[in-house]
Amino acid sequence: MKLNRLTLFCYAVLLLSIFAVSHAGVTSSYVRVSEPSEEMPLETFPPPAGLNAPEQVHITQGDHSGRGMIISWVTPLNVDDGSNIVRYWNADTDGSEKMSAVASTSTYRYYDYTSGYLHHATIKGLEYDTKYFYELGTGRSIRQFNFMTPPKVGPDVAYTFGVIGDLGQTYASNQTLYNYMSNPKGQAVLFAGDLSYADDHPNHDQRKWDSYGRFVEPSAAYQPWIWAAGNHEIDYAQSLGETQPFKPYMNRYHVPYRASQSTSPLWYSIKRASAYIIVLSSYSAYDKYTPQNSWLQDELKKVNRSETPWLIVLVHAPWYNSNNYHYMEGESMRVTFEPWFVENKVDIVFAGHVHAYERSERVSNIKYNITDGMSTPVKDQSAPVYITIGDGGNIEGIANSYTEPQPSYSAFREASFGHAMLEIKNRTHAHYTWHRNKDDEPIIADAIWLKNRYYLPEEETT
Ligand SMILES: *[C@@H]1O[C@H](CO)[C@@H](O)[C@H](O)[C@H]1NC(C)=O
Ligand SMILES: *[C@@H]1O[C@H](CO)[C@@H](O)[C@H](O)[C@H]1NC(C)=O
Ligand SMILES: *[C@@H]1O[C@H](CO)[C@@H](O)[C@H](O)[C@H]1NC(C)=O
Ligand SMILES: *[C@@H]1O[C@H](CO)[C@@H](O)[C@H](O)[C@H]1NC(C)=O
Ligand SMILES: [Fe+2]
């Protein structure tokens, strides 16, 4: 009872604060007692029963346009019994004629840990907008899953993405995941980096990568998660003799980087429905003359807005972030790439890293040169909206300290855990909402109708 009244009070304060500052950015006054982000113990996620049962199943788009799927799973043994094969069939058939694909299988060692057998199989030539069943394992250990392929790429194809970042595996992470899953609209997840947080444990406890794989399986085995790498994927630990950056991540999570002529799984692109998604790496070189820089330069020229009106970028470290945590860590990449984003009218940039939520105005800061002193962001209708969605709920807790006063580029900010939904309706309109964990999923804490920068570059209001 008391709690309910407190909640009501918080809503009232939030509403008042929105009205009071209708022309400036909003710092939500919805402040909850910050809870410890306690990690779910390893025992929460035992391996599935059965001899050599497939586990940690996850899928992601397997080609450039959505007719392929990469199916990934882990088995404890590498026996020659077909446990490296995925069988799949169109759900409209009775499954008597199954197609199959053979995985590439590998293991890796990290300090005192040896991984299970990591299988990745790419299925190609799928039909668009079609449900498929797939099956892994052998004998009594067979496990069955399913997924929907996206509709054929086209300018007015409606499609809904969930957006999650910095998830980790705490009880709060569990709330984020299950809140997202309870929303039937989500068809694929854009993941803004920082997956398992294994590196926050002694010796980068690699068993935490296994438990993370089991934790996200209820969603990631059924719809593609589009992965970007964050700093917690680097796993660089000289003191442990582990000096190959991104080793666990790149062994466990495969992405279709070659399909976009990328030379690294850390940056790549896909087309899905009416969206063109570019994934970048904050923790790989991006200055002029580097592979990522050259790739992005060529990549932006390939985007055909008549085919995919929505140009969306996924990167870990935010460029516009008014939280005190990780303040300006994305700055050098912003300076490098921002002029290209404005020139190419990128619609939205999703970032993670900061464990809170923030949405920017459409601003740019590209006039500045070292002598002119013009280093202030200005409103710019060719610029993306920058969204920080590092509020998945990981072990490091909430980032609840903001720079004051709220800078003019910041439209809305709140230190709570949650996830977002991006509902693309057609070539001009997309409805974007942010859902905090403590609310029921239908409650929307932040919302805006986004207008496409190529087809309808008008100013938006919340
Ligand atoms: C995770 O959330 C789901 C849905 O609320 C719940 O059923 C499950 O028990 C939670 N898991 C843990 C370990 O708390
Ligand atoms: C862009 O896409 C449209 C629609 O699919 C197509 O007609 C056009 O040829 C494409 N343009 C280029 C340069 O490929
Ligand atoms: C830097 O800005 C100054 C002042 O606007 C301008 O005169 C100068 O040409 C600029 N330099 C470059 C390299 O753009
Ligand atoms: C695009 O979607 C928006 C929002 O649903 C709608 O108002 C608008 O009429 C649609 N445009 C077209 C051309 O259908
Ligand atoms: Fe991070």
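Okay, let's start inside the protein: the lining of the largest cavity is made up of five nonpolar residues, six polar ones and one charged. Before I go on, keep in mind that this is a predicted model.

So, how many cavities of 30 Å³ or more are there? The count comes to one. The volume of the largest cavity is about 70 Å³. If you want to find that cavity on your screen, look for its lining residues, including His 58, Trp 73, His 119, Trp 209 and Arg 252. Which elements give two or more residues to this lining? They are strand E2 (55–61), strand E3 (69–75), strand E9 (117–123) and helix H3 (207–220).

Next up, the metal. The iron ion, ligand 5, is coordinated by Asp 194 through OD, Asn 231 through OD1, His 316 through NE2 and His 353 through ND1, at 2.1 to 2.2 Å. What about the geometry? The angles among the four donor atoms of the iron ion (ligand 5) run from 87 to 171 degrees, and the site is irregular. Along the chain, the donors of this iron ion are spaced as D-x36-N-x84-H-x36-H.

His 316 has 0%, so His 316 counts as buried.

On to the annotations. UniProt, in an unreviewed entry, gives "domain: Calcineurin-like phosphoesterase" for residues 160–357. That stretch, 160–357, is 29% helix and 16% strand, with its end C-alpha atoms 20 Å apart. The UniProt record, again unreviewed, also lists "domain: Purple acid phosphatase C-terminal" at residues 383–440. Over 383–440 you get 0% helix and 43% strand, and the end C-alpha atoms are 32 Å apart.

Where is it? Gly 25 is in the loop between helix H1 (2–20) and strand E1 (26–27). Gly 25 counts as buried, because its relative accessibility is 19% and the cut-off for buried is under 20%. Gly 25 and Pro 407 are 382 residues apart along the chain, yet their C-alpha atoms are separated by 7.6 Å.

That's my tour, thanks!

Definitions and conventions:
Residues are numbered from 1 along each chain as its sequence is written. Chains are lettered from A and ligands numbered from 1 in the order in which they are written. This is a predicted model: local features need pLDDT of at least 70, side-chain atom pairs count only at pLDDT 80 or more; totals for chains, interfaces and linings use all residues. Side-chain values use heavy atoms; hydrogens and water are left out. Donors are N, O and S atoms within 2.8 Å of the metal (3.2 Å for Na, K and Ca); water is not among the atoms, so sites may look incomplete. Four donors count as tetrahedral if all angles lie between 85 and 135 degrees; four count as square planar and six as octahedral if opposite donors are over 155 degrees apart and all others between 65 and 115; anything else is irregular. Buried means under 20% relative accessible area, exposed over 50%, partly exposed in between (1.4 Å probe, protein chains only). On a 1 Å grid over the protein atoms alone, a cavity is a set of points where a 1.4 Å probe fits but cannot get out, and a pocket is an open set with protein on both sides within 12 Å along at least five of seven lines; lining residues have an atom within 4 Å of a point. Grid points are joined across faces, edges and corners, and a volume is the space filled by probe spheres set on the points. Helices (H or I, at least four residues) and strands (E, at least two) are DSSP runs, numbered from the N terminus. Ala, Val, Leu, Ile, Met, Phe, Trp, Tyr, Cys and Pro count as nonpolar, Asp, Glu, Lys and Arg as charged, and the others, Gly among them, as polar. UniProt positions are given in the numbering used here, feature names are shortened, and annotations may be inferred rather than shown by experiment.
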